[in-house]
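Hi,

Here is the structure I promised to pass on. Have a look at it first, and then read my notes below.

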Amino acid sequence: MSAYPTSEGEIAFDAPGAGKPCKTWYKVIGNLAESATPPLIALHGGPGSGHDYLEALIDIYEAHGIPLVFYDQIGCGRSTHLRDKAGDESFWTFDLFIKQLDDLIDHLGLRQKGFHILGQSWGGMLGSSYASRRPQGLRRLVLSGAPASMPLYKKACKQRLAELPEDVRTTLRECDRKGDHDSPEFKGAAAVFMKNFVCRLDPIPEPIQRTFKNVREDPTAYNTMQGHSEFDTVGSLKDWEGWKDAHNIQAPTLLLNGKYDEVMDFVVEPFFRTINKVKWVTLENSSHVSLWEDRERFMQLVGDFLSYE
């Protein structure tokens with residue numbers, strides 16, 4: 001990525017209730033001051049995954065000249081970590097992450113020029129919640145592998161688990177019954193789920209491996225909001241129904257998911273029903289990280305959508 005105009009920075013973030021000064025780390029690809037094109041702000045998944053795997057979006061800059069803004073959400077990556085807030089559902093809220101995003105947008109001076117948002121997985125949930133508040137400057141929205149409803153997502157995960165071999169299902173069921181989410185047995189069985197419905201590439205691209213490592217090294221936000229596994233949401237997000245606010249989204253929106261995605265079609269469909277200006281494409285050759293698994297098609301769809309006048 002160093003072959004392109006690149007800048008990095010940190011800004012102070014007053015995280016309510018954090019009890020200490022916090023910072024947001026960000027990276028910009030392209031020149032925001034000179035570009036006439038609104039930049040694309042990338043919201044990573046997790047919560048707590050970090051921006052690393054979204055670096056594939058460099059293809060959008062190469063093909064369309066759209067500047068990119070990456071950042072690490074509070075609690076992960078190069079932004080401030082808050083391990084002492086483990087289990088504190090009153091701290092890890094949508095309002096917290098939206099305030100961080102708003103602060104970054106204002107710091108970069110993007111309100112008048114405008115900006116696009118691409119949210120992947122949890123980042124799509126965050127993006128939809130943000131867009132439903134009709135923020136000044138938002139031009140277009142891309143939601144990739146983003147659940148419209150966490151109860152529906154939980155139902156989808158049960159269906160996907162049923163597609164796995166019986167021995168894998170038995171191991172996951174027994175480990176869950178015992179509250180065992182750290183043993184080699186659980187991790188091995190969980191990896192089978194991830195291989196089928198999260199990333200089907202072999203080997204797993206290095207930026208995605210870094211993303212998994214981010215969550216392993218600091219699972220504070222993930223464990224509090226999602227839970228201890230990808231396929232059983234027991235944290236604070238478990239009852240979230242983002243589609244109920246999606247009618248407030250004014251920005252044209254592109255919905256993307258994969259044929260083998262843990263976020264199955266019926267989990268996306270409520271967004272399609274409720275967002276006013278919306279297009280939906282299911283990519284045939286991918287699961288949850290379509291931007292890597294079906295990279296050329298993904299980038300074509302997103303680039304064309306963002307470039308449309």
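Below is what turned up, starting with the sheet and moving on to the pockets.

Keep in mind that this is a predicted model. Eight strands make up an open, mixed sheet, ordered 1-2-4-3-5-6-7-8. Strand 1 (6-13) and strand 8 (278-283) sit at the edges with a single partner strand each, so one side of each has no neighbour in the sheet. On average, neighbouring strands are turned by 20° against each other, ignoring direction. If you want a pair to look at, strand 6 (residues 138-144) and strand 7 (residues 253-258) run parallel and are joined by four bridges; V142 has L254 in strand 7 as its bridge partner.

Two helices to check against the sheet: helix 2 (residues 94-107) packs on it, and among the strands it touches are strand 1 and strand 5 (115-120). Helix 3 (residues 122-131) lies across strands 3, 4, 5 and 6, at about 140° to strand 5.

Helix 6 (184-197), helix 7 (206-217) and helix 8 (220-225) each supply at least two lining residues, and helix 6 gives the most, with six. By class, that lining has 16 nonpolar, eleven polar and seven charged residues.

The second largest pocket comes in at about 240 Å³. Its lining includes K154, K158, R169 and D232, and splits into four nonpolar, one polar and six charged residues. Helix 5 is the main contributor here, with four residues.

Cheers

Methods
Residues are numbered from 1 along each chain as its sequence is written. This is a predicted model: local features need pLDDT of at least 70, side-chain atom pairs count only at pLDDT 80 or more; totals for chains, interfaces and linings use all residues. Side-chain values use heavy atoms; hydrogens and water are left out. Two strands pair if DSSP finds at least two bridges between them. Axes are lines fitted to C-alpha atoms, for helices over the stretch in contact, and angles run from 0 to 180 degrees between N-to-C directions. Contact means heavy atoms within 4.5 Å. Ala, Val, Leu, Ile, Met, Phe, Trp, Tyr, Cys and Pro count as nonpolar, Asp, Glu, Lys and Arg as charged, and the others, Gly among them, as polar. On a 1 Å grid over the protein atoms alone, a cavity is a set of points where a 1.4 Å probe fits but cannot get out, and a pocket is an open set with protein on both sides within 12 Å along at least five of seven lines; lining residues have an atom within 4 Å of a point. Grid points are joined across faces, edges and corners, and a volume is the space filled by probe spheres set on the points.
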